[in-house]
Every structure is written in C-alpha cells, then in structure tokens.
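Subject: Structure handover

Hello,

Here is the structure for you to look over. My notes come after it.

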Amino acid sequence: MDLVTLWFWLIALTFTLYFFLEGFDFGVDILRPTLARTEPEERALTGTIGPFWDGNEVWVIAAAGLMFSTFPVWYGAVFSGMYPLFVAILLALLLRGVSFEYRNQVDSERWRAFWDWMSFAGSVVPSFLWGVIMAKLIEGMPVNREGRVQGGLLEMFTPFSLLGGATTLLLFMLHGANFLLLRLHTDTVLYDRARRAALRWGALATVAVVGFVVMGYVTEGLFESFGVLPWFFPVAAFLTLASIWLALSRRRDTLAFTMSGLTILFATVTVFIALFTRGEVLPSTLDPDFGLTLEETASQQYTLVLMTWVGGIFLPLIIGYQIWNYYVFRERVRPDEGSLKHGY
Amino acid sequence: MDVVELSRFQFASTSIFHFFFVSLTVGLAFLIAVMETIAYVREDRRHVYEKMTNFFGHLFLINFAVGVVTGIVQEFQFGMNWSEYSDFVGNIFGVPLALEVLMAFFLESTFIGLWWFGKDRLKPWMRLGSIWLVAIGTQISAFWIVLANAWMHHPVGYEVVEGQARLTDFGAVVFNYKAWLYFAHVQGSAWVVAAFFVLGISAYHLLRRQDTDVYSASLRIGLVFAAIGTVFSVVSGHTEAQVAREDQPMKFAAMEAQWETSDSPAPWSLVAFIDEEAQENSFNVEIPIVGSVLAYNSFEGRYEGLIPLNEEYQELYGEGDYIPPVAWVYWSFRIMVAIGSLLLATAFLGLFLWWRRKRGLEETRWFLRALVLFIPLPWIANFTGWIVTEMGRQPFMVYGLLTVEEGVSPNTFGEVLAGLVGLWVVYLALIGLDIYLLSVTARAGIHRKPEAQLVAAPAPDYEGVGLQGYERRN
C-alpha cells in the first residue's frame, strides 16, 4: 500500500474516531432537555461527558490538520467549497464549548436556560451538518476546470445531503443515549428515560440509515463501484443498528453502545469507500473530468513519509492515554442533591 | 472592501481573539504547575499552596475552554478562507500544524480534565504530573504554531515545484532561526501576561488584607515569572527587530517610518506624523544615534528607507507596491516597546522591594495599586506586537513567495461577510464574558464561593469528599 492510500485511510480513521467519540457527547447534549427534569439531573447528564468532550473534540482538529498536511488541495477545496457549512459548525462549536464552563457561573435561571439552549443548538447543528458534508463528498461539488469549487449555499442542501444530515443527527442521538446507559447508575430514573430514548431514537435512526443507503443506491449510484465485498459495509451498518434493539430489550447496554459505535464506523467507512473506489476525493457535478483525485490532491512523498513517522508514534500514544482517561472516570454517575461547596 | 480585505480582517480578528485567551493559558499553565509543585513538595505549607493552586486553577479553566474553541476556527480557516494558500504551502505548513494537534492539543485537552476532575481519584503525583503535561502541552503547541508562522516570514527548506512549495529539508524548517526567536518572544510574552494577571489579582487582595498568606506567596511567584518573562521578551524582541532589518528590511523600515535611507549614525524616531500618501513624515521628533544603537548595537550604521526598498522589491518580485501600512506598524511598535519597558521596570522594582525588606512588597501600597492597574497592559502589548509582525510583512503572505491576494479562496463576498459578522458577534460575546467571569471570580477570592461553580469542573476540595455527580471510589 502506498503512502497516499495509507493516509487516505488514516484520515478516514480520524473522522471515524471523531464521529464515534464526539457523536455520543453531542448526543447527550441533544437529549438532555428531554431527559432531565431537575437541576441535579441536568448536572448529572453533563457530568457523564464532562471529562471527555474536550478530548473528543480535538479529533476534528486532528482530521483538519492531517488533511491539511497530507492532502492540502483536498483540504482547501472542501473547506472553502462548503464555506457556509463550516462557519455554522464553528459558531456552534464555539458556543457549545464554552457552555460547559459558563452555564453555572452565574446563579440565574435565565442564564442557565440560555446556555442549555446553546449546548443543545450547538450540538444539533454540527451533528446535522457533518452528515450533510459527508453526503456532499459522495455527491460531489461544482468543481471547475481549475479545481476550484464554485457554488452557493443552496447547492449544499440536496435531498440526499439533507437525508445524510438527518442520519448523523439521529445516529448521534442514539449513540448518546447508549452512552448514558453505560454512565448512569442503573437504579436512577434518568437511566430508564435514557433507555426509552435509545429505543425511540434508535428506531428513527434505523429508518434514516436505510433511507440513506437506498437513496444512495438509487439516485447517486453510490455502490456501483463497490464490487462485491464493500457491500458488506452498508449492510453491516443496517444489521448492527437492528441488533441494538435486541441488545436494549435484553439489557445488554455495553453491546448496544458497541453496536451504535460500529454503525457509525460502518457508515463513515462507507463514505470513504465510495470516494476511494472511484478514485475521486471530491467529484465534480459540472463535468466528471474535473473531479479532484487522490493523487493530485496529496502531498509529496517526503511530507507523507514524515507524517507517517509522526502519526505512527503519536496516534497510538494518544489513543492510549485517552483510553486511560475513560478508565479513570469509569464510575457511573447519579443525580446528586449534594451541596455546592464554599471556597476552595 | 473586497473578499481579500474581508478575509484578511477575519484572519486578523480570529488570531487576535484566539491569542487573547491562549496567551493567558500558555503562561498560567506553567505558573499553576509551579504552585502545585510547591504544594506537593512543601508539606508544612501545603494548605496555602493548595488553596492558591485551586483558586488560580479555577480562573485558568474559565479561560481555557475559550482558547480551545477559538483554536478550531484557527485550524479551519486556512482551508476556508485561504485555499490557494493551502494548496501552495500544505506540503510544508500543514506538518507543524498536524504536529501541534498530535503532540499538544490531545495532551492538553485530556490531561486538563484528569487534573481537575481527577483530584479525588488520582494519586497526588499523578495530579501533579497531569498539570505538568498540560503546561508542557501548551508550550509545545506554542512552538509548532509559531514555527509555522515563522516559516511564512522566512521560508526555508523548500523548493517550488508546479506551483507548490515542496518540503526538501524538515530539519531546516525546525531549526529556522526566526522560529526560535519568535518562540522565545511569544513564550516570554505569555509568561508576562500570566505573571501580571497573578500579580494584579494578588495585589488586589493584599490591598484588602485578605488571605495575605496565600496572596503574598502568589505575588512572589508572579514576580519571578514576570522578571524572567519580561527579560525574555525584551531580549528576543530586540534581536527580532535586528534580524528583521536583514531578512525583512521593509518591515524594519516601516517600524521606524523611515522613507529614505537613513544617515549614519541613524537617529531613532520618537514621534512622527506619517503621511503615507506623500510618502514622508510631516513632523518627526528624532533622537540622534539611538537608531544605530538599536539596529546594530553600535554607534554607526544606516538602514534603508521604504522608498528605495520598494524599488528593490519591484526588481525582485515584479511590479507592485510593497510598502506595508506604515503608520499602523510604526505606532504599534512604539506602544509595544513602551509597555514592555514599563513592565520590565515594574518586575525589577518589585524584586528590589522584596529584596530590601521582608514585608517590603506588602507595605508598598502604591506599588500594589499599580499592579492591579497593569493587568491589561501585557495584552495590549501582545496585540500591538502581532500587528507589527503581521502587517509589517504585507503584501506578502509567504515572504517573497506568495502575496495575500494570491492566497485567498474563491469565496463570494456575501458568504465571507456573513461569516465574519457571525464570528465577530460570538467573539465579542465570549471576550466580554471571559473578562466578566474572570473578574467576578478573581474578586470573590478564596473564601467567598464564586457565584456558582463550573459544571465541567466543580470546585475541588483536597481533603473533602467527592465532586458533584461523581461517586467516590469505594
């Protein structure tokens, strides 16, 4: 395997890890208004992701940074081509990120309500838009002869990309609910609400994934280039999703979370397989010849060799200490009326 | 205004807002690590240093998150607004950026959580290790991003092939002398920001005679950092200016508003009315000889003016106007230097007061009052410093290789404007909130509960029981 291919798949891995990890912390934030009825419950739900969300979010910076260094042309075309979407994602992440710290700094109902809203909207918007972006990567952008992307906001929203957005949004909500099952005490009422949410949003997520795959097949010719084996991925995404229902009804929470994680993995990999098998990382909707290919967007060999060394050393290290972080904070959370302490 | 101007303005605003938060993060992480180390080592004084660590740690966390999220904008905007630039430099410029993420961002964001939340579940040495990893992470992060920036000012280790800068020698990029100078300067400046932040807050409470055991100690830690930081900044800044005279002469001439080549020995301009249209200074107060001393450490030596340099640049790089916005650079430079000198003097005056009498610092109340007033000054110096270095290299984006106009994305005016307005609204809100919350929490001090506490980071208690929402082990 040459380094261009290797790095294409490492970027796929980075995006997959990002969707897997931030997927559940987005999900928790989106579900919180419907799950929490009291202030301690609100705090318990935030507490389930408190020590993790920041480390999870860095994976998207890693995805952008690795894309910049190994596929600069692809990076430039995607990020400038979908400019309004990335602005919206950035604004959402800005407000959502600070909501964690700022929500309880001022003792006022309206202040808290404002930041709750920010953390909700700030999670819904990126959850939806990442699906739109992934769908647009498959569908293509108006790339012109010079490899520049021209096009406005409206072209970002096609039926296929909107369905893609709905799919990631629902998948993340399901994933967040499953994560809560692992993080909340099983004897709390919150835990029961999270189970019901997982079943409810899981059903909708299944519909969305099936819809996305079928539409990808019918209108986008998504799997024409897949050959026999890669069919495995969309089918597997559906099967894992279906198995969640079984796992939930048998109270196998770990299995349910693993399965929603695998669904996200299969869904993301499907997008990257679609790009890889066509050899185009950004197809053109203007003329098939204008699409950006893997080779022409990649960095030179020297940079790729250097990045391979760097990635080879640091990626396992990062994954290692992040796992340790999850291990340290493995205890389950319960809503606690406990006092707010005074002073330090 | 066109797309280029808007994009430039957006990049400048994002970088300046981002640096507002991260300069405090980078400096304060180190100070807190030192505080916690003292708490760990000195058992007899542990209660004092633990309170100090937690108090400043709380302030650190209020500010930390905003630095993180504005950093995402930084990382995305190269592709979003400068896609042509990204195509051109990605082979080289992307590497330090990726290294920054892999070596620093993950480290900081993971271990900050472990440090703060893990207080009741990690062993003391692990907590100490965590804050040191955060502190080291912030320095690594500063190093790589400044290295990337320095490459834009002084490109090395590359060749241009098919319209792309290709990496030929990564060692040359890492050992770019400009990078190390910039790093020393940014590092020193971040320490100055954090040191004067700690000094000002400590002085505020000492003036009210609250918790003098804690704040006297933090004042002394702050002073040591302030002294080291200001010396670092001044020495590296001085060297930077001298180096700029050689490798970015246009920037140097703009800093001095020197239109024609100077005499030898060269005077130093103190105040000038700059007429950029007519390319002359209508009024100029000059101090003889000082210009040569600053530029050459010598009593003679001349430097080239903007007008002759512009002609040279035109021969080198083709038709065009290569003179940067002179008045901006000139005045920003002067403000930065004035503040830097004032802070250097303040730090050493503090050390002198400390050395002269045991309670000399606590009893010199005018000095404490000055420290409170000086809190914003390092930020102003940083802001003006970035204006000098970044405006001074206009119109180039990569010095001598790519102009700003060539680097911009093919975006429409409307989408860039809409994004810019959105970002500005959020930035202003965040900076306002950050300052408001920092000052409320800082003034509340150690015993009064801050208005409420951080959700993601409940106020800790070393001896006490667990944190909200978590069960204690066993």
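What follows is a short account of the findings.

This is a predicted model: local features need pLDDT of at least 70, side-chain atom pairs count only at pLDDT 80 or more, and totals for chains, interfaces and linings use all residues. Residues are numbered from 1 along each chain as its sequence is written, while chains are lettered from A and ligands numbered from 1 in the order in which they are written.

**Transmembrane regions**

An unreviewed UniProt entry lists residues 6–28, 83–102, 114–138, 158–181, 201–219, 231–248, 255–276 and 302–324 of chain A as "transmembrane region". UniProt positions are given in the numbering used here, feature names are shortened, and annotations may be inferred rather than shown by experiment. Two of these spans have computed values. Residues 114–138 of chain A are 100% helix and 0% strand, with end C-alpha atoms 37 Å apart. Residues 302–324 of chain A are also 100% helix and 0% strand, and here the ends lie 33 Å apart. Helices (H or I, at least four residues) and strands (E, at least two) are DSSP runs, numbered from the N terminus.

**The A–B contact**

Chain A puts 68 residues into the contact and chain B puts in 70. Two residues are in contact if their C-beta atoms, placed from the backbone, lie within 7 Å. On the chain A side, helices 2 (39–49), 3 (53–70), 4 (72–81), 5 (83–102) and 12 (301–328) each supply at least two residues. Helix 5 of chain A gives the largest share, 14 residues.

Helix 3 of chain A has 18 residues.

**Backbone points to check**

Most residues other than glycine have a negative phi, and most peptide bonds are trans.

- Arg251(A) has a positive phi of about 60 degrees. Arg251(A) sits in the loop between helix 9 (232–249) and helix 10 (253–278) of chain A. Arg251(A) counts as exposed because it has 11 C-beta neighbours inside 10 Å.
- Arg209(B) has a positive phi of about 55 degrees. Its loop joins helix 6 (177–207) and helix 7 (212–247) of chain B. Arg209(B) is exposed, with 9 other C-beta atoms within 10 Å.
- The peptide bond from Gln394(B) to Pro395(B) is cis, with omega near 0 degrees. Pro395(B) is in the loop between helix 14 (377–391) and strand 5 (396–398) of chain B.

Best wishes

Conventions
The expected span of a helix is 1.5 Å times one less than its number of residues. A residue is buried if 20 or more other C-beta atoms lie within 10 Å of its own, exposed if 12 or fewer, and partly exposed in between; C-beta atoms are placed from the backbone.
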